[in-house]
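This report describes one protein chain for a reader who is new to structural models. Please look at the sequence and the structure before reading on.

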Amino acid sequence: MTGIRPYKRALDRLQTAGFRPTRQRLGLARLLFEGEHRHVTAEQLHTEAMGTDLRVSLATVYNTLNQFTAAGLLREVVVEAGKSYFDTNTADHHHFFLEGTGRLEDIAADDIVVQNLPLPPKGTRVARVDVIVRLAEDDGEAA
């Protein structure tokens with residue numbers, strides 16, 4: 001039998017990052033990492049987990065997302081005060097944010113050029129520049 005173990009990608013990511021693969025961590029990692037790159041809120045992930053019979057509190061989902069972010073498995077994208085998405089794509093890139101629906105979409109890093117950044121304060125360095133292009137629904141009127 002040469003089949004791949006269920007949860008293998010999720011288990012490998014957890015072990016590589018040094019996490020003990022608890023049932024809850026493994027279940028959340030599977031939801032996050034087994035498919036394509038995605039953007040999720042803690043609330044969305046909690047709802048998905050409950051839908052797969054993974055019994056986990058919202059607080060545990062938040063804690064796990066923050067742990068995964070600190071370990072470099074996720075990127076947190078703050079779109080407004082109190083509203084964060086967690087992105088499984090940790091490569092350099094930017095985002096479109098559709099304000100009406102809350103949808104977040106990737107923009108390739110090469111599609112945006114950032115120039116003339118100010119010098120950072122003494123003792124600091126620019127770690128990354130995140131651009132969020134906010135979109136509104138087109139009302140159909142010509143500009």
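The report below covers the overall layout, the strands, the salt bridges and one surface patch.

**Basis of the model**

This is a predicted model, in which local features need pLDDT of at least 70 and side-chain atom pairs count only at pLDDT 80 or more, while totals for chains, interfaces and linings use all residues. Residues are numbered from 1 along each chain as its sequence is written, and side-chain values use heavy atoms, with hydrogens and water left out.

**Overall layout**

The predictor's confidence in each residue is given as pLDDT, on a scale from 0 to 100. For the protein chain the mean pLDDT is 89, and 93% of the residues reach 70 or more.

The chain contains 4 helices and 6 strands. Both kinds of element are DSSP runs numbered from the N terminus: helices (H or I) have at least four residues and strands (E) at least two. Their order from the N terminus is α-α-β-α-α-β-β-β-β-β. The C-alpha trace spans about 60 × 45 × 35 Å along its principal axes. Of the 143 residues, 31% are buried. Here buried means under 20% relative accessible area, exposed means over 50%, and partly exposed lies in between (1.4 Å probe, protein chains only).

**Strands**

Two strands count as paired if DSSP finds at least two bridges between them. Strands E2 (residues 75-80) and E3 (residues 83-87) pair in the antiparallel sense over 5 bridges. One of the contacts has Arg 75 with Asp 87 in E3 as its bridge partner. The two strands form a hairpin with 2 residues between them, and Gly 82 in the turn has a positive phi of about 80°.

An open sheet of 3 strands has the order E5-E4-E6, with mixed pairing. Strands E5 (103-108) and E6 (132-135) stand at its edges with a single partner strand each, so one side of each is left without a neighbour in the sheet. Strand E4 (residues 93-98) pairs with E6 in the parallel sense over 4 bridges, and His 95 has Ile 132 in E6 as its bridge partner.

**Salt bridges**

A salt bridge is a side-chain nitrogen of Lys or Arg within 4 Å of a carboxyl oxygen of Asp or Glu. By this rule the count comes to 6, and the table includes some of these pairs.

| Pair | N to O distance |
|---|---|
| Arg 38 and Glu 48 | 2.4 Å |
| Asp 130 and Arg 75 | 2.7 Å |
| Arg 134 and Glu 99 | 3.7 Å |

Arg 134 lies in strand E6 and Glu 99 in the loop between E4 and E5, so this pair ties together parts that are 35 residues apart in sequence. Arg 134 is partly exposed at 40% relative accessible area, and Glu 99 is partly exposed at 46%. Salt bridges that share partners also join Arg 75, Arg 128 and Asp 130 into one network.

**A surface patch**

Val 114, Leu 117, Val 126 and Val 129 make a nonpolar surface patch of about 290 Å². Patch residues have over 30% relative accessible area and no salt bridge; nonpolar side chains (Val, Leu, Ile, Met, Phe, Trp, Tyr) are joined within 5 Å, and like charges within 9 Å. Leu 117 is in the loop between E5 and E6 and is partly exposed, with a relative accessible area of 46%.

Methods: Areas by Shrake-Rupley, 256 points an atom, 1.4 Å probe, with all protein chains shown as cover.
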